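Please keep the sequence and the 3D view at hand while reading.

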Amino acid sequence: MRVVILDSTEAVSRFAADQVAGAIDRARETRKPPVLGLATGGTPLGLYNELVQRYRDGILSFADVFSFNLDEYVGLPPEHDQSYHYYMKESLFRHIDIRTENTSVPQTWNCDLPASAKAYETKISHAGGIDLQVLGIGTDGHIGFNEVGSSLASRTRLKTLTRQTRSDNARYFASIDEVPIAAITMGIATILEARSILLLATGANKAKAVAGCVEGAVSSGLPASALQLHPNVTIVVDRPAASLLQHTEYYEDSERVRAKLQSV
Ligand code: PGA
């Protein structure tokens, strides 16, 4: 795993935008439409602002990009202002030149949920798989809505949210009782099939989950630790989120060596 520790949340967002732009360029070099896996939540908002800015500056286009979001709540219509359909439209899609028909968020409203989850997997593989999957991390170590105990072999499916996740997300709702109790989420095996993975974490409340993800044992007890099984993962964090890592010095040495080798 590559672990990049940066001094500010803005630096995390800029670094993440560089990674997304790089993945888009690399896909185009192989004459293949780029496919991004996208996340919601507070953490990637800075990344999306940065991508919008680069689009406005004329240095990044999404005209041929396909996207797949990780998850969607069950029980909220797509036009609900806390649905992830709405979040993606407002935070990114309506500000850039991505084609709406090329964007996918799991369907959870007025549909057969298991069939919808299965169809999502098919749609990802028909698109040729995901080039770069962006992830946040829950304070309980979830990725997507793969909560504690999620099988490391899980595929897109219906998942019950933990009390911790519902309480973390209650800040966006009038009360915790309004936070949905379930979601459709890509599975851990689905996420691990992406060709590269970029996990963003900022703030001291993520420090424990980040330490477990990078340095803990691989375990469904901390689903993000499954990323250790993937050969191309970058974890980008600010200093508070890195504060419980044991091997910070090594990660920083590695970044210096990487920069040196790239400059020769
Ligand atoms: P957050 O959520 O970015 O709002 O902290 C992350 C997550 O739950 O994956």
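Predicted model: local features only at pLDDT ≥ 70, side-chain atom pairs only at ≥ 80, totals over all residues.

**Aromatic pairs**

- Tyr48 and Tyr87 form an edge-to-face pair, with 6.4 Å from centre to centre and 75° between the planes.
- Because Tyr48 belongs to helix H2 (residues 45–56) and Tyr87 to helix H3 (residues 84–91), this pair ties together parts that are 39 residues apart in sequence.
- Tyr48 is buried at 0% relative accessibility, and Tyr87 is also buried, with a relative accessible area of 13%.
- The ring centres of Phe68 and Tyr120 lie 5.8 Å apart and their planes stand at 80°, so this pair is edge-to-face.
- Phe68 is in strand S3 (residues 66–69) and Tyr120 in helix H4 (residues 113–126), so the contact ties together parts that are 52 residues apart in sequence; both Phe68 and Tyr120 are buried.

**Aromatic cluster**

- One aromatic cluster is formed by Tyr48, Tyr73, Tyr84, Tyr87, Phe145 and Phe173.

**Open sheet**

- Three strands, in the order S4-S8-S7, make up an open sheet with antiparallel pairing.
- Strand S4 (71–73) and strand S7 (157–160) are the edge strands, each of which pairs on one side only, and the twist from one strand to the next averages 30°.
- S7 pairs with strand S8 (residues 182–185) in the antiparallel sense over four bridges, and the bridge partner of Lys159 in S8 is Ala183.

Definitions and conventions. Residues numbered from 1 in each chain as written. Heavy atoms only, no water. Pairing = 2+ DSSP bridges. Helix = DSSP H or I, 4+ residues; strand = E, 2+ residues; numbered from the N terminus. Axes fitted to C-alpha atoms, helices over the stretch in contact; angles between N-to-C directions. Phe/Tyr/Trp six-rings, centres within 6.5 Å; stacked < 30°, edge-to-face > 60°. Buried < 20%, exposed > 50% of the residue type's maximum accessible area, 1.4 Å probe, protein only.
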